[in-house]
Amino acid sequence: RFNLGCLQLEINQPAAAAGEFAAYTLAQPKAVDGWLKRGRAELLAWQFDAADKSFRAALALNTKQPEVWNTVGIVQLYRAKTDPRREAERKADAFLAFNSSLQQQANYAPALFNAALVSHFYLSHPARRGVDQRPFALDKYRAFLALNPTVDNLHTIQQVVANLEAELSPR
């Protein structure tokens, strides 16, 4: 079932793959790889609630997986888009997941960038009351850039950082 699920992922049939991985994880509930593949297939099939459960099942077996925590954060952002009533809660959950990833590996570039984006654009929005997350975002952007990432939009990220620095600098 695992191999068949992998093949179905390869030929871009994520819903079918998710079914195969579901059968596999039913037979092998302690197989972290099965839960990870199942979550990936469910995410690609836009089954966000199911993907969240699968990735959390993988984390229950091994919490020391920064890439999985990061993916849980991404799933939460997708869930926020599909459930407007719980959008703020889902974005806060994404923020927590990205930070859980960084607790596992402080220099994990995808989580640094994602934590910066969520705290900057979602949690610091003027309509939200509460703690200004922009200083945290700036810190995470800087840490991300310090890793010298090879990304296509590096100049844009540097401009966002410069704008954020200007916003936060005392006048």
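**View 1. Surroundings of Phe 144.** Setting aside neighbours within four places in sequence, Phe 144 is in contact with Ala 109, Leu 112, Phe 113, Pro 149, Val 151 and Ile 157, where contact means heavy atoms within 4.5 Å. The model is predicted, so local features need pLDDT of at least 70 and side-chain atom pairs count only at pLDDT 80 or more, whereas totals for chains, interfaces and linings use all residues. Residues are numbered from 1 along each chain as its sequence is written, and side-chain values use heavy atoms, with hydrogens and water left out.

**View 2. The nonpolar cores.** Tyr 141, Phe 144 and Ile 157 have the most contacts inside the largest nonpolar core, which has 20 residues. At least two residues of this core come from each of α6 (87-104), α7 (109-122), α8 (134-146) and α9 (154-168); α7 gives the largest share, 6 residues. Apart from this core lies another, of 10 residues, among them Phe 48, Phe 55, Trp 69 and Ala 97. A nonpolar core is a set of buried Ala, Val, Leu, Ile, Met, Phe, Trp, Tyr and Cys residues joined through side-chain atoms within 4.5 Å. Buried means under 20% relative accessible area, exposed over 50%, and partly exposed in between (1.4 Å probe, protein chains only).

**View 3. Helix α4 and its cover.** Helix α4 (residues 48-61) has 14 residues and reaches 20 Å from its first C-alpha to its last, close to the 20 Å expected at 1.5 Å a residue; the expected span is 1.5 Å times one less than the number of residues. Its buried residues are Phe 48, Ala 51, Asp 52, Ser 54, Phe 55, Ala 57, Ala 58 and Leu 59. Their cover includes α3 (32-44) and α5 (66-82).

View 4. Glu 20 lies in helix α2 (residues 14-27) and is buried, with a relative accessible area of 12%. Not counting residues up to four places away in sequence, Glu 20 touches Arg 1, Leu 4, Gly 5 and Gln 8. Lys 140, in helix α8, is buried at a relative accessible area of 15%. Beyond its neighbours within four places in sequence, Lys 140 is in contact with Leu 102, Leu 112, Ala 115 and Ala 116.

**View 5. Positive phi in two loops.** Asn 12, in the loop between α1 (2-10) and α2, has a phi near 60°, a positive value in a residue other than glycine. Asn 12 is exposed, with a relative accessible area of 64%. In the loop between α3 and α4, Trp 46 has a positive phi of about 65° although it is not a glycine. Trp 46 counts as exposed at 60% relative accessibility.

**View 6. The chain as a whole.** The secondary structure of the chain comes to 9 helices and 0 strands; helices (H or I, at least four residues) and strands (E, at least two) are DSSP runs, numbered from the N terminus. The C-alpha atoms fill a box of roughly 60 × 35 × 30 Å, taken along the principal axes. Of the 171 residues in the chain, 42% are buried. Among contacts with a separation of 6 or more, 47% join residues 24 or more positions apart.
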